[in-house]
Amino acid sequence: MKSGLLISILLAATCCQLAAQEDPAPDAPTPESRQDFRYSINAIDDATFYSSLQVPIPTTLNQLLLQPTLTYRYKPRWSLATSLVGMADTYSDTFTQVRVKEAYAGLSAGDFDFMVGRRIVRWGTGYAFTATCVLDPPRIPTNPTDRLNLNEGRDMIKADYVHGPHALTMAWSTAALAPSAAGLHDTTAFRYNVLVHGFDTSLIAGDDRGGDAFGGLTFTRVIGQAWEIHGEAAWREHEAILMGAKYTTPHGVTFIGEYFTPPNIPYYRDMSISPLAPRQHYLFLDAGKNRLRERPGWKELDLGAYVVANLNDRSFTAIFDANRRIGSHFSTYLHLEIPAGKPTSDYGSTPYSAATSVGIRFQL
Amino acid sequence: MSNINCALRTFLLVFFTAFLLACALVAHAASLAAPDADAVLKKADTYRNGWPSYVLHVKITNFESDKADEEKLYEVSQKGTEKTYVEFMSPREKGEHLLMLGDDMWVYLPDTSRPVRITPLERLSGDASNGDVARTNYAADYTPVYVRTEKVGAVDCYVLDLTAKRKGATYQRILFWVRVEDARPVRAEFYLTSGKHIKSATFDEYMAISGRTQLRRMTLYDEIRHNSHSVLEYSGIAPRELPDKLFYQGRTDRF
């Protein structure tokens, strides 16, 4: 691990923060500032160890990531934001690159918001899957939270009109700046979102240049004290359906379940699935608890486990996550991934029998 | 005659003293008569919601065995009793924010890049829960009933029994002590639907801002893990014109 470089970055960042800390004056109304500047810095040192590799690559991948995010607002109209990722990956050689996750300018005028630049936009309501993935970055069911924050946005012009519970969004995204391997097209998309009787509902329509038009519907709803349900339905050549639910126990343990069935068309198909295969059916089950406060000394610990299964070929990947906070800025984590299934199956074709990631994260 | 006069004077003195005592008791009883619980609760809410539309900063310090082990910072924007937007400012939570619209609640997490709908039970997590930060207008969420008047230390207090009247309420029941003199909150006990006493609070310190008295510091005691408590310190309170679109659940351009 490149601990020397990481420690230097962390020390510099901590010094900057200490210099910036000031207590607000008490007992006086705070005048509103016209300018607003926010920042965050994440640094991650991650090491992944592969077991029983079936391809000739080293068994250890070391990744050092530095992720600064900056936002400047000149109230009430203008905003500028950027989020970058600097990466140094070490397999047998070291490979470095800088990714622009987001970089955009925004203008707010009355009920309208305009934005131009690169932006991560997610309209789907699913945790692990999405049927209405119009402008969304790729959703990987075995990594639903993008644990290393590597997703990049789409380059787009977007206009929002928000009035009461109603919101209309128009977006046009170009694929000109995206890598050709991403297989993106220029996309025009429209969304109408409304909160009515507790249903947070969206109607989505769009068109990929050179592809078919598509339409979709998403919703979420909370029922009682403990249940949330969500779903997506989309039509892109054929129908794709996602249904999910979340349940929270009085002790704070959260369970999430999702069922997803996409048509076997290139847009939805995973590379491990044959074009001749029928419609696929997937299941996602998750159980987790943040802060094990009930056990003395364990409240800094978050635990989670989930499984993603392809019901057609009965392959699955089981994942276990543990995260422990240390002080205000540091945390360590363990991420264990175990695929299972026939060698030709969706998850069984993963070229290792287990992947164990350990790492340390610094946040400022 | 002198004996009669003496007896008469003694009788009058006793009667007059008894009359004065009776008047004092009646006046005291009148002062302790059952108050209008709704009015008292609304007045008590003004110590934490001084303006119809305002912003404030909350610093939460969590203590374990009287030792500070974690500090969190929030910026809260509130409009009316139905709209609250909380921006998480501490290093570990930067980029997260919370939106409450009536009974509906979303949390935006940077790693999911979308607003995630959360259930009422999820808002209870943490020493000081999301609801403790974002849901401070008790008159909108609870039905109050006057229980009794009693002293907390040297202070005469009304005890109000608050029962949740809507799904968005953070707790099922709150026992709320407010000062008789001015309805200023003094202490509270929080209960779950199961009847379990989960937390207690003391309202420790107030400050004057633009002629209004506002809460500066309160302490939340964990009644399940008795060695744990949280201190909530309020600062930067100021009235603001907040646009409605700040409280739109679909916006993801917040930092």
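User: Taking two strands as paired if DSSP finds at least two bridges between them, which residue of β8(A) is the bridge partner of Thr169(A)?
Analyst: In this predicted model, strand β7 (residues 166-174) of chain A runs antiparallel to β8(A), and 8 bridges join the two. Within β8(A), the residue that partners Thr169(A) through a bridge is Arg191(A).

User: On which face of strand β8 of chain A does Arg191(A) lie, the covered or the uncovered one?
Analyst: In a regular strand the side chains alternate between the two faces of the sheet. In β8 (residues 187-196) of chain A, Thr188(A), Phe190(A), Tyr192(A), Val194(A) and Val196(A) make up the uncovered face. Arg191(A) belongs with Thr187(A), Ala189(A), Asn193(A) and Leu195(A), and the face that these residues form is the covered one.

User: Which residue in the hairpin of β8(A) and β9(A) takes a positive phi?
Analyst: Strand β9 (residues 199-208) of chain A pairs with β8(A) in the antiparallel sense over 10 bridges, and Thr188(A) stands opposite Asp207(A) of β9(A). Most residues other than glycine have a negative phi. In this hairpin, which has 2 residues between its strands, a positive phi near 50° is taken by His197(A).

User: Is Arg314(A) buried, partly exposed or exposed?
Analyst: Arg314(A), which is not a glycine, has a positive phi of about 55°, and its place is the loop between β15 (301-310) and β16 (315-326) of chain A. A residue is buried if 20 or more other C-beta atoms lie within 10 Å of its own, and exposed if 12 or fewer do. Because Arg314(A) has 14 C-beta neighbours inside 10 Å, it counts as partly exposed.

User: Where chain B touches chain A, how many residues of chain B are nonpolar?
Analyst: The contact takes 43 residues from chain A and 37 residues from chain B. On the side of chain B, the elements giving two or more residues are β2 (67-79), β6 (114-117), β11 (197-209) and β13 (228-239). The residues on this side of chain B include 13 charged and 13 polar ones, and the number of nonpolar ones is 11.

Notes: Residues are numbered from 1 along each chain as its sequence is written. Chains are lettered from A and ligands numbered from 1 in the order in which they are written. This is a predicted model: local features need pLDDT of at least 70, side-chain atom pairs count only at pLDDT 80 or more; totals for chains, interfaces and linings use all residues. Two residues are in contact if their C-beta atoms, placed from the backbone, lie within 7 Å. Helices (H or I, at least four residues) and strands (E, at least two) are DSSP runs, numbered from the N terminus. Ala, Val, Leu, Ile, Met, Phe, Trp, Tyr, Cys and Pro count as nonpolar, Asp, Glu, Lys and Arg as charged, and the others, Gly among them, as polar. Two strands pair if DSSP finds at least two bridges between them.
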